[in-house]
Amino acid sequence: MTVTFDTILVANRGEIALRVIRTCKEMGIRTVAVHSTADKDSAHVRAADTAVQIGPGMPRKSYLSAPAIIEAAIRTGADAVHPGYGFLSEDPDFAEICADNGLVFIGPRPEVLSRLGDKAVARELMTDAGLPVLPGSPGTVDSAAEATDLAARIGFPLIIKAAAGGGGRGMTVVRQQSDLLPAYRQTRATAQAVFGDNRVYLERFCDSARHIEVQVLADGQGSVLHLGERDCSVQRRHQKLIEESPGPGLHKELTAAMARAAVRGARAVGYTGAGTFEFLVHDEGFSFMEMNCRIQVEHPVTEAVFGVDLVREQIRVAAGQALGYAQEDLVPRGAAVECRVNAEDPARNFAPCPGTLEEFVPPGGPFVRVDTHGYAGWRVPSQYDSLLAKVITWAPEREAALDRMDRALAEFRISGPGVHTTIPLLRDVIADPAFRNGKHDTSFLDARP
């Protein structure tokens with residue numbers, strides 16, 4: 001296989017930086033890690049061929065600093081930048097700056113990122129492409145009076161979302177008229193503080209829906225393929241904890257229709273690379289929520305079921321190569337489950353638990369994959385996301401994949417002063433009859449006693 005990249009700079013940290021570096025090594029590509037002072041001992045720094053310190057622990061002065069990352073790329077002779085997820089991965093300005101400096105941004109074109117990054121615009125684009133959407137505002141809502149008029153038409157409950165939002169942040173559910181205006185003002189303030197953009201839009205809220213997403217791959221030569229669906233319904237505060245593929249209990253006609261919609265939507269916007277369409281599945285069918293223009297945290301379950309290295313495909317497409325296979329070549333096999341092990345205390349409303357890991361022994365065994373940057377002696381920083389590891393299990397049947405997951409989580413040994421993890425909660429969920437029977441939805445965790 002011919003690859004035009006000699007060196008890729010990985011503009012991220014943690015498990016995703018390590019995961020990208022590993023694929024680059026398998027492809028014979030040199031890697032450059034960037035890191036903050038807080039991450040100087042991180043596993044991705046050790047794994048890369050070259051490492052460059054780009055700033056202090058505060059993200060906006062390191063992992064969100066485009067000038068520091070570009071300077072590191074130029075200084076180390078990188079010819080491409082892989083952004084991972086989060087941070088600058090969906091920033092059209094960063095993608096454009098990469099291009100201006102002769103660097104290939106491994107992701108969609110800046111103009112595509114710009115349109116799909118605005119959730120209100122993305123909603124309009126997908127409506128035009130024929131994808132179903134929930135009743136909502138036609139665009140962003142710029143005044144309290146407009147919000148009041150629209151809410152009367154949409155009805156309650158509804159959800160106010162930040163147009164520039166992502167990662168489960170900048171969303172407020174409103175269940176009655178009296179809460180609308182305080183929620184509207186608060187969501188705008190949060191959106192401004194978190195995303196630097198106070199625009200919001202309104203949408204009907206479904207209490208008992210399934211969160212189902214479809215993985216797509218698209219090259220720049222007209223090929224757009226899907227790799228099935230993932231169920232991501234087990235969430236806390238709109239953030240995912242457990243993902244699996246395929247989605248349990250869904251009719252094949254429904255998942256096929258969602259896959260066709262995702263491919264149609266990707267074609268409509270000229271998408272290239274790996275992307276994910278997020279849908280809500282409800283009593284009336286399914287509705288488009290948003291598109292994520294990057295690799296997802298939960299991509300390993302798709303890789304396990306389809307046998308495709310999605311990061312490798314991202315790199316190949318960015319290098320100008322065709323996917324080189326057809327939809328009928330992508331055949332799913334078995335079932336895969338991913339559990340996110342976070343350094344959090346579920347008993348204290350998922351409060352982060354930074355601290356030094358005195359013991360860190362990941363599980364092993366057949367068909368168990370652990371993506372992690374943790375190790376004994378490493379100090380979990382307080383400045384970043386609390387994700388410590390992702391445990392992925394595969395089996396020919398879902399029940400066996402869940403049994404294997406429970407065994408793997410039971411093996412996982414993590415301890416340190418003040419360090420708590422989500423492992424006990426994850427095992428409780430896996431043992432829950434409703435989850436086992438595929439009867440869960442996005443309200444599953446909130447409804448538990």
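Tutor: We shall take the sheet and its helices, and then the nonpolar cores, of this predicted model.

Student: How do the strands of a sheet pair?

Tutor: In general, strands of a sheet pair through backbone hydrogen bonds, in either a parallel or an antiparallel manner. Here, an open sheet is formed by three strands in the order E7-E6-E8, and their pairing is antiparallel.

Student: Which strands stand at the edges?

Tutor: Strand E7 (169–174) and strand E8 (200–204) do; each has a single partner strand, so one side of each is left without a neighbour in the sheet. On average, neighbouring strands of this sheet are turned by 25° against each other, direction ignored.

Student: How many bridges join strand E6 to E8?

Tutor: Strand E6, residues 158–166, is joined to E8 by five bridges. Leu-158 stands opposite Arg-204 in E8.

Student: Which helices should I look for beside these strands?

Tutor: Helix H7 (residues 144–154) packs on the sheet and touches E6 and E8; its direction makes about 15° with that of E8. Helix H8 (residues 180–195) lies across E6, E7 and E8, and runs at about 15° to E6.

Student: Which residues have the most contacts inside the largest nonpolar core?

Tutor: They are Leu-9, Phe-94, Leu-116, Phe-277 and Phe-279, in a core of 50 residues. If neighbours within four places in sequence are left aside, the contacts of Phe-94 are Ala-66, Ile-69, Ile-70, Val-81, Leu-88 and Phe-105. Another core, of 36 residues, lies apart from the largest one; among its members are Val-311, Val-317, Leu-323 and Trp-394.

Definitions and conventions. Residues numbered from 1 in each chain as written. Predicted model: local features only at pLDDT ≥ 70, side-chain atom pairs only at ≥ 80, totals over all residues. Heavy atoms only, no water. Core = buried A, V, L, I, M, F, W, Y, C linked by side-chain atoms within 4.5 Å. Buried < 20%, exposed > 50% of the residue type's maximum accessible area, 1.4 Å probe, protein only. Contact = heavy atoms within 4.5 Å. Pairing = 2+ DSSP bridges. Helix = DSSP H or I, 4+ residues; strand = E, 2+ residues; numbered from the N terminus. Axes fitted to C-alpha atoms, helices over the stretch in contact; angles between N-to-C directions.
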